[in-house]
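Student: Hi! I'm new to this one and would like a walk through it. Can you show it to me?

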Amino acid sequence: MAGSLAFLAGGCSDDADGKPADVSVTADKLCGGSAVTKDAAKAIEFITGETRFIASGENSTVTDAAEELTREAITSTHKRGDICRIYPYAPVDELRMRWELMSNAPTGTPDPKFTRLPMGERAGAAHDTAYVTFACGRNQPDYISAWAESTGRPTEPEGDERPLKNAYATLAHSFALAMAKELDCADNAGLKPKPSLIPAT
């Protein structure tokens with residue numbers, strides 16, 4: 001996709017009150033389904049400890065988001081917003097899938113809480129969040145980050161954090177890849193079918 005890109009996703013709500021549809025689904029059916037790979041579905045279950053979730057709204061899909069992105073591209077240079085929110089069928093915090101659009105490549109020193117991973121332009125994972133940034137556009141590419149994060153104040157895990165970091169990174173990669181495909185980024189923006197979870201050196 002040539003030119004600038006912006007990303008504004010529809011919410012996960014489905015009724016007149018703006019609340020998620022009260023329909024129980026499995027993880028692979030969330031957010032339109034196409035963005036959630038089998039590995040990402042397992043990651044969602046691992047993070048939440050649940051196997052059933054409240055269905056996402058009809059407009060909470062990568063397809064809807066990409067259509068809105070192209071409409072916003074003319075005037076947008078740096079924006080943020082939701083892709084989809086995931087609500088387990090349990091009284092626990094939600095998972096938030098969000099995006100960030102940047103006109104320039106990410107620079108500077110990453111937050112030390114993130115373990116850097118070799119995906120896209122830059123990727124990192126912590127015990128409660130992860131992101132994957134990729135470039136899209138053949139002439140003047142923009143940079144899009146897909147984020148997976150827990151809301152509230154997640155408790156830091158005791159012992160090895162790697163399983164949680166890998167789960168969040170897998171989820172962020174799944175949405176980043178789905179977005180790159182929907183936006184027709186060249187070579188899927190260099191993202192591989194599977195996430196790369198071995199820390200970058």
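**Cysteines, core and a helix**

Tutor: Let's begin with one cysteine: Cys136 is buried, with a relative accessible area of 1% (buried means under 20% relative accessible area, exposed over 50%, and partly exposed in between, using a 1.4 Å probe and protein chains only). Please keep in mind that this is a predicted model, where local features need pLDDT of at least 70 and side-chain atom pairs count only at pLDDT 80 or more, while totals for chains, interfaces and linings use all residues. Residues are numbered from 1 along each chain as its sequence is written, and side-chain values use heavy atoms, with hydrogens and water left out.

Student: Which residue forms a disulfide with Cys136?

Tutor: Cys185 does, and the two sulfur atoms are 2.1 Å apart. A disulfide here is a pair of cysteine sulfur atoms within 2.5 Å. Cys136 lies in strand β7 (residues 129-136) and Cys185 in the segment after α3 (162-182), so the pair ties together parts that are 49 residues apart in sequence. Helices (H or I, at least four residues) and strands (E, at least two) are DSSP runs, numbered from the N terminus.

Student: Is Cys185 buried or exposed?

Tutor: Cys185 counts as buried, at 5% relative accessibility.

Student: How many disulfides does the structure hold?

Tutor: It holds 2. The other one joins Cys31 to Cys84, with an S to S distance of 2.3 Å. Cys31 sits in the loop between β1 (24-25) and α1 (38-48), and Cys84 in strand β3 (residues 79-88), so this pair links parts 53 residues apart in sequence. Both Cys31 and Cys84 are buried.

Student: Why is the Cys31 and Cys84 disulfide left-handed?

Tutor: The torsion about its S-S bond is about -85°, so it is left-handed. For Cys136 and Cys185 the torsion is about -105°, so that disulfide is left-handed too.

Student: New topic! Which residues touch the most other members of the largest nonpolar core?

Tutor: Leu30, Ile44, Ile86, Phe134, Leu171, Phe175 and Met179 do, in a core of 49 residues. A nonpolar core is a set of buried Ala, Val, Leu, Ile, Met, Phe, Trp, Tyr and Cys residues joined through side-chain atoms within 4.5 Å.

Student: And which element gives the most to this core?

Tutor: That is α3, with 12 residues. In soluble globular proteins, nonpolar side chains tend to be buried together.

Student: What is Phe134 in contact with?

Tutor: Leaving aside neighbours within four places in sequence, its contacts include Tyr143, Ile144, Met179 and Cys185. Contact means heavy atoms within 4.5 Å.

Student: Now α1. Which residues are buried there?

Tutor: Ala40, Ala41, Ala43, Ile44, Ile47 and Thr48 are buried in α1. They cover an arc of only 160° around the axis, which puts them on the same side of α1; the arc is that of the directions from the helix axis to the C-beta atoms.

Student: What's on the other side of α1?

Tutor: Lys38 and Lys42 are there, and they are exposed. The buried residues of α1 pack against β2 (53-54), β3, β4, β8 and α3. Just after α1, Gly49 takes a positive phi of about 75°.

Student: Last one: where is Pro106?

Tutor: Pro106 is in the loop between β4 and β5 (115-116). It is partly exposed, with a relative accessible area of 23%. Leaving aside neighbours within four places in sequence, Pro106 is in contact with Arg122, Thr133 and Tyr143.
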